[in-house]
Structure formats: structure tokens, C-alpha cells
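Please read the points below with the structure open beside you. They are arranged by region.

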Amino acid sequence: AVVSTQSGHYGRETKFEDRTMASEVKANIDELQFLLSQSKRDVIRTLLQTELTKQNELLKTIAPTKPKARSSGATKKISNYAWEEKGRSVKIYVTGIKEEGDIIEKDNIESHFELRSFSLVLRRVGPKNLNYTLSISNLCKDIVPDNCTVNVSKTGVTVILAKDKTSVWSTLKAVKEEPNKKDDFPKMDKDADPSSGLMNLMKHMYETGDDEMKQTIAKSMYESQQKQKSGEPGGMPDLGDMGAGLDDL
């Protein structure tokens with residue numbers, strides 16, 4: 001009986017020590033995140049980020065994440081949200097998913113952040129125990145996953161993304177550029193006449209450029225033609241169809 005009592009007492013002490021250590025590590029994380037938000041020097045931010053990552057890994061070993069409670073309610077995908085950037089963070093506002101008095105328990109908030117993506121799952125929201133999901137896989141720029149958070153607001157949640165660098169986000173999602181064959185410069189033939197290659201390049205710029213570019217090129221060609229007619233050096237080769245109408249300049 002004595003051995004059993006001692007064993008049980010030791011188990012309770014171990015759990016108490018784990019809780020105490022977890023609290024200390026969480027306090028370290030909070031302070032590191034605060035210092036990181038205030039720091040402006042890249043060297044200091046790198047040191048703080050390295051230590052913050054270590055503390056987060058340590059916390060996982062002390063207080064393993066509990067399995068998230070599953071809900072039998074319907075699941076809805078969040079498609080309506082607003083966003084703005086402030087200094088070193090980008091905030092995404094999700095509203096209208098709960099009433100002001102409704103509570104979303106921390107255990108029912110599951111978030112995962114990567115360098116250029118994040119996913120969010122909210123469970124048991126409101127009296128109907130609805131589930132909500134939000135996922136963005138193509139963020140405009142890099143973020144710092146360990147510094148990103150999710151805060152519960154009056155009618156929803158706010159996702160706070162920590163920027164990797166102080167830069168302007170013109171869009172929340174990265175814009176995929178469509179290939180434009182017209183932007184491909186003509187290949188230059190080493191064995192061809194240099195003036196011919198120059199003319200091909202000028203024609204390409206004229207055909208793909210805006211009105212201002214076309215006007216600039218046309219003016220240059222007109223001046224070149226005048227030099228050719230007067231016998232001055234520096235004239236360009238025959239302009240072909242591009243030279244038509246230049247006398248009207």
C-alpha cells in the first residue's frame with residue numbers, strides 16, 4: 001500500500017511539474033513574440049525567431065496537442081472575408097459566423113500556418129454547432145508561421161499573419177502571371193547583320209509597346225530618316241512598313 005501511495009504521489013508531482021514548466025515555456029513564447037514585434041534589426045529578429053522556434057518545439061513535448069473535438073454539425077467553407085495590412089502583419093477578418101454572446105472554445109480552433117499558406121478550422125460554432133473552414137494556399141508573400149495567431153472577435157475570428165519582411169502587400173493572394181508570347185524578345189543571330197537584328201528588336205518594341213512607346217520609337221526613326229537623307233552619319237537602316245507615315249510627324 002505504501003509503494004502504491006508513493007507511486008501515485010510521484011505521478012501527481014510529475015503532472016504538476018509538467019504544467020508548471022508548460023506555463024513557463026508559454027510565458028517565454030509570449031515575451032519572445034512581443035520582443036520580435038518590437039525589434040527592427042534583422043540580426044536580432046533572426047536570433048529571437050530561432051529561440052521562439054525552440055520554445056514552440058519544447059512546448060509540444062511538454063503539453064502535446066489534444067485531439068480536437070469533432071462536431072456533428074454541418075461544415076461550411078468561409079468564402080467571404082476582409083483583409084488589411086498593418087506594419088508587420090496582415091489581418092484577415094471573418095465575421096457573421098456567430099452572435100456576440102457565442103463562445104468559441106480554444107480547443108475548437110485549429111490552425112496551421114506555412115511559409116505561404118494557412119488553414120483554419122472552427123468547430124462547434126453557435127447554437128447549431130456548425131463547423132467552418134478557411135484555407136489559402138497562395139499568399140502574396142512569405143509569412144512567419146510561429147508568429148501567426150487567431151483571435152476570437154465579437155461575431156467571428158481574426159487571423160493575424162506575421163510578415164517575414166516589412167513590405168507592401170498589394171493583394172492577399174499571389175497573382176499568377178499569364179504567359180505572354182508577345183513579350184518574348186526576338187532571338188539575335190550572331191552571324192546576321194547587326195543592323196538587321198536592331199531593326200527586328202525595334203519592330204518588336206513598336207508592336208508590343210504602348211502609345212507612348214510607339215510615339216518615341218516613331219520619332220527616333222523619323223530623325224534617323226532625316227539624317228539618312230542629309231547624308232549625316234548615325235542613320236538607321238531602311239525602316240520598311242514602320243517608316244510609313246513618319247513624314248506626318
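In which helix does Ile44 lie?

1. Ile44 lies in helix H2, which covers residues 42–62; helices (H or I, at least four residues) and strands (E, at least two) are DSSP runs, numbered from the N terminus. This is a predicted model, in which local features need pLDDT of at least 70 and side-chain atom pairs count only at pLDDT 80 or more, while totals for chains, interfaces and linings use all residues. Residues are numbered from 1 along each chain as its sequence is written, and side-chain values use heavy atoms, with hydrogens and water left out.

2. Because its relative accessibility is 38%, Ile44 counts as partly exposed, a class that lies between buried (under 20% relative accessible area) and exposed (over 50%), with a 1.4 Å probe and protein chains only.

3. Ser89, by contrast, counts as buried because its relative accessibility is 14%. Ser89 belongs to strand E3, residues 89–94, and, leaving aside residues up to four places away in sequence, touches Glu84, Ile160, Leu161 and Lys163, where contact means heavy atoms within 4.5 Å.

4. Four strands form an open sheet in the order E1-E6-E5-E4, with mixed pairing; two strands pair if DSSP finds at least two bridges between them. Strand E1 (75–77) and strand E4 (109–113) are the edge strands, each pairing on one side only.

5. Within this sheet, E1 pairs with strand E6 (residues 130–136) in the parallel sense over three bridges, and Thr75 has Asn131 as its bridge partner in E6.
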